[in-house]
Amino acid sequence: MQIDSQFFRERGFGKRLGFGHRPAIIVVDFIVGFTDESMPLGANLDAQVDACNQLIEASREHSLPIFFFTAAYDENLLDAGIWRHKMEGLASLRHGSDAVKVDPRLSFKEGDSLVLKKYASCFFGTDLTSRLTALGVDSVFITGCTTSGCVRATAVDAVQSGFKPIVVREAVGDRSQAAHDQSLLDMDAKYAHVVDLKDVLAHLAHKNCKAIAL
């Protein structure tokens, strides 16, 4: 992994994007179906949920917009398209079930935006781009799961849509540590800025942070 990082740097990959001036927070699929280990799609993401809460609370102090995402499907799964044939676990994410509810440990409050998606990226098939544009957002802090799946897809679509993607290292997780590590390396090299939580919190605590609040 270290050799790969050095190779990328030598070839001009992994340039820093910076934090931007008008950020929003995206919480990708931190729902019961993904954070409960007993569920078909679940994994132990306790530490990541805790890290996400720290970012959420810091963001609320500056009135930054926060978008929570869930995935849910009809009983017949037709709204999952052909993906349902690749990912049988999608059948556990039925509309109205506990599995599609935001993890109760998260600081999710009445009035927060909860956006429904059907596929990996938070941008695909949703109105996220228009919401961010209307708010004047130029960058997004990405948290959630899974790193190699929906987080990565969201980061790729963010940069393709003109928003700086900042992936918060401690606040994203995966079922596979190998997939998690490789995806962070790949995103940081090509699409996003992977940043430690402490650096994000320090940025939000900066004396000029009020100027970037929306």
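1. How many Å² does the accessible surface of the chain come to, and what percentage of it belongs to carbon and sulfur atoms? The accessible surface comes to about 10200 Å², and 52% of this belongs to carbon and sulfur atoms; the areas come from the Shrake-Rupley method with a 1.4 Å probe, and for residues only the protein chains shown count as cover.

2. On the basis of these values: this is a predicted model, in which local features need pLDDT of at least 70 and side-chain atom pairs count only at pLDDT 80 or more, while totals for chains, interfaces and linings use all residues. Residues are numbered from 1 along each chain as its sequence is written, and side-chain values use heavy atoms, with hydrogens and water left out.

3. On overall architecture, the chain has eight helices and six strands, which follow one another from the N terminus as α-β-α-α-β-α-β-α-β-α-β-α-β-α; helices (H or I, at least four residues) and strands (E, at least two) are DSSP runs, numbered from the N terminus. The radius of gyration, taken over C-alpha atoms, is 17 Å, close to the 17 Å that the globule rule gives for 214 residues, so the chain is as compact as a globular protein of that length; the rule is 2.2 Å times the number of residues to the power 0.38. The C-alpha trace spans about 50 × 45 × 30 Å along its principal axes.

4. Of the contacts with a separation of 6 or more, 77% are accounted for by residues 24 or more positions apart, a contact being heavy atoms within 4.5 Å.

5. In soluble globular proteins, nonpolar side chains tend to be buried together.

6. On Leu93, its contacts beyond neighbours within four places in sequence are with Ile31, Gly33, Phe34, Leu41, Ala71, Ala72, Tyr73, Ala99 and Val100.

7. On the aromatic residues, a search of the whole structure finds five aromatic pairs. The rings of Trp83 and Tyr119 have centres 5.8 Å apart and planes at 20°, so this pair is stacked; rings of Phe, Tyr and Trp (its six-membered ring) pair if their centres lie within 6.5 Å, and planes under 30 degrees apart count as stacked, over 60 as edge-to-face and the rest as tilted. Trp83 belongs to helix 4 (residues 83-86) and Tyr119 to the loop between strand 3 (113-117) and helix 5 (128-134), 36 residues apart. Trp83 is partly exposed at 23% relative accessible area, and Tyr119 is partly exposed at 28%. Ring pairs link Trp83, Tyr119 and Phe124 into a cluster.

8. On a further stacked pair, Phe123 and Phe163 are 6.1 Å apart centre to centre, with 25° between the planes, and both residues are buried. Phe123 lies in the loop between strand 3 and helix 5 and Phe163 in the loop between helix 6 (147-160) and strand 5 (164-173), so the pair ties together parts 40 residues apart in sequence.

9. On strand pairing, strands 4 and 5 run parallel and are joined by six bridges, two strands counting as paired if DSSP finds at least two bridges between them. Val140 has Pro165 of strand 5 as its bridge partner, and seven of the 10 residues of strand 5 are buried. Pro165 is also among the contacts of His193, a residue of strand 6 (residues 193-195) that counts as buried at 10% relative accessibility.

10. On backbone details that deserve a look, the peptide bond from Cys145 to Thr146 is cis, with omega near -10°, and Thr146 is in the loop between strand 4 and helix 6. Asp29, in the loop between strand 1 and helix 2 (32-35), has a positive phi near 55° without being a glycine and is buried at 1% relative accessibility. Leu77, in the loop between strand 2 and helix 4, likewise has a positive phi, about 65°, and counts as buried at 12%.

Notes: Buried means under 20% relative accessible area, exposed over 50%, partly exposed in between (1.4 Å probe, protein chains only).
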